[in-house]
Amino acid sequence: MSFLDKFSTVHLDVLKEVGNIGAGHAATSLSTLLNKKIDMRVPKVRVVSFDEMMDMAGGPENIVASVFLRIEGDAPGSMFFVLSIEQANTFIKQMIDDVHFSFENPPYNELAMSALQELGNILSGSYLSSLSDFTNLDLYPSVPALSIDMVGAIISFGLIELSQVSDYAIVIDTALDDDDTHSSESVKGHFFLLPDPDSFETIFKALGVAEDE
Amino acid sequence: MNDTVQIVKVGIADMNIVTTPNLIRTSGLGSCVGVVVYDQAKELAGLAHVMLPDSSLAKSGILNIAKYADTAVKELVSRMIDLGARSYSMKAKIAGGAQMFQFTSSNDMMRIGPRNVEAVKRELAMLKISLVAEDVGGSSGRTIEFDPKTCLLNIRTVNKGVRDL
């Protein structure tokens with residue numbers, strides 16, 4: 001039986017709830033940090049080919065700012081928080097109070113890089129700790145790493161574990177939005193959670209869903 | 001002649017072959033390696049987007065030969081030969097194998113970029129194909145495009161601009 005055949009709609013629904021809870025807490029953290037109302041979209045759980053995964057984040061050549069961290073513990077995996085360059089600019093301007101700041105040209109401002117890394121750290125930390133509470137699993141984030149580069153180059157790194165068993169990825173994707181979507185100051189971001197192949201069973205077991213349900 | 005130039009896109013863990021006047025391209029190479037094998041006289045070029053160093057890493061399912069350095073290079077070369085390329089005149093150019101994130105983890109998977117490069121080079125050496133140019137390592141993503149007519153490999157990175165190899 002191939003890796004993907006093991007998943008039913010019940011399983012995918014469980015994963016959707018995982019995304020819902022994690023990103024819900026992350027949205028609250030972001031809201032507190034920016035002192036703004038943040039909306040969260042309904043999470044999407046999709047089974048996609050690697051190429052489709054790149055397209056979900058805007059195509060392989062799209063340039064993004066991404067915070068990546070490895071999840072270690074009972075259910076290892078990879079997690080990305082992806083922001084477009086414009087959105088990263090907007091965020092950093094608000095955070096370090098410098099209206100002229102831009103990520104367009106390296107070398108980047110060290111304070112800005114550190115601020116962005118911290119944003120990723122706070123958001124993914126709250127995502128992960130809520131997930132850990134919900135599943136009763138021990139999950140530890142690695143120190144987050146920041147990269148500003150092409151989507152393809154960044155995301156493929158998180159696919160390495162998965163690519164050893166499958167040509168498809170199960171992506172738990174949650175998008176965050178702030179309230180004034182029409183203003184240029186809006187902040188939008190994507191969480192991509194990519195559990196390692198062996199972690200799915202652990203997650204399902206922790207949530208009381210049988211593997212063959 | 002009213003040939004229009006097509007750019008054949010190769011996805012991740014995929015491979016393809018083009019002839020003049022078409023170009024072949026793959027986008028967003030990170031730790032993956034783009035291997036171009038070409039026969040200049042025949043104006044024939046193949047490109048593989050390799051993701052992992054060795055097919056022994058495969059844990060289950062149907063083997064995707066374009067995903068692994070050892071199987072992809074072999075398959076690409078044999079398909080080129082089927083299309084008329086001559087093994088003695090084939091040359092190779094490679095790009096990619098970057099380390100996108102710096103980690104102090106002991107996990108060998110974190111070194112995947114350099115391992116991919118080593119594996120591709122080993123395979124090319126085994127097939128006696130000379131590697132004439134390379135742009136590997138570093139910490140930037142790359143998009144590469146190859147023209148079988150000029151045999152130039154165009155490499156674009158986010159911060160370091162464009163160059164031809």
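Which side chains meet in a salt bridge at 2.4 Å, N to O? In this predicted model, the partners are B:Arg156 and A:Glu61. B:Arg156 sits in strand 9 (residues 152-157) of chain B, while A:Glu61 belongs to the loop between helix 2 and strand 3 of chain A, so the pair joins two chains. In general terms, side chains of opposite charge can pair when their charged atoms come close. Over all chains, the count comes to 14 salt bridges, and three salt bridges are counted between chain A and chain B.

The size of an interface is often given as the accessible area lost when the parts come together. Here the area buried between chain A and chain B is about 2,700 Å², with carbon and sulfur atoms giving 62% of it. On the chain A side, the residues that lose the most area to chain B are A:Glu61, A:Phe157 and A:Gln164, which together make up 24% of what that side buries.

Turning to annotation, an unreviewed UniProt entry lists residues 11-45 and 112-148 of chain A under "domain: CheC-like protein". Residues 11-45 of chain A are 69% helix and 14% strand, with the end C-alpha atoms 10 Å apart. For residues 112-148 of chain A, the values are 65% helix and 19% strand, and the end C-alpha atoms are 12 Å apart.

Helix 1 of chain A (residues 9-34) has 26 residues. From its first C-alpha to its last, helix 1 of chain A reaches 36 Å, close to the 38 Å expected at 1.5 Å a residue. Just after this helix, A:Asn35 takes a positive phi of about 55°.

Chain B has backbone details of its own that are worth a look. A cis peptide bond, with omega of about 5°, joins B:Thr20 and B:Pro21. B:Pro21 lies in the loop between strand 2 (15-19) and strand 3 (23-29) of chain B. Further along, B:Lys128 has a positive phi of about 55° although it is not a glycine. B:Lys128 is found in the loop that runs between helix 2 (112-126) and strand 7 (130-136) of chain B.

Methods. Residues numbered from 1 in each chain as written. Chains lettered and ligands numbered in written order. Predicted model: local features only at pLDDT ≥ 70, side-chain atom pairs only at ≥ 80, totals over all residues. Heavy atoms only, no water. Buried area = accessible area lost by both parts, 1.4 Å probe. Salt bridge = Lys/Arg side-chain N within 4 Å of Asp/Glu carboxyl O. UniProt positions renumbered as here; feature names shortened; annotations may be inferred. Helix = DSSP H or I, 4+ residues; strand = E, 2+ residues; numbered from the N terminus. Expected span 1.5 Å × (residues − 1).
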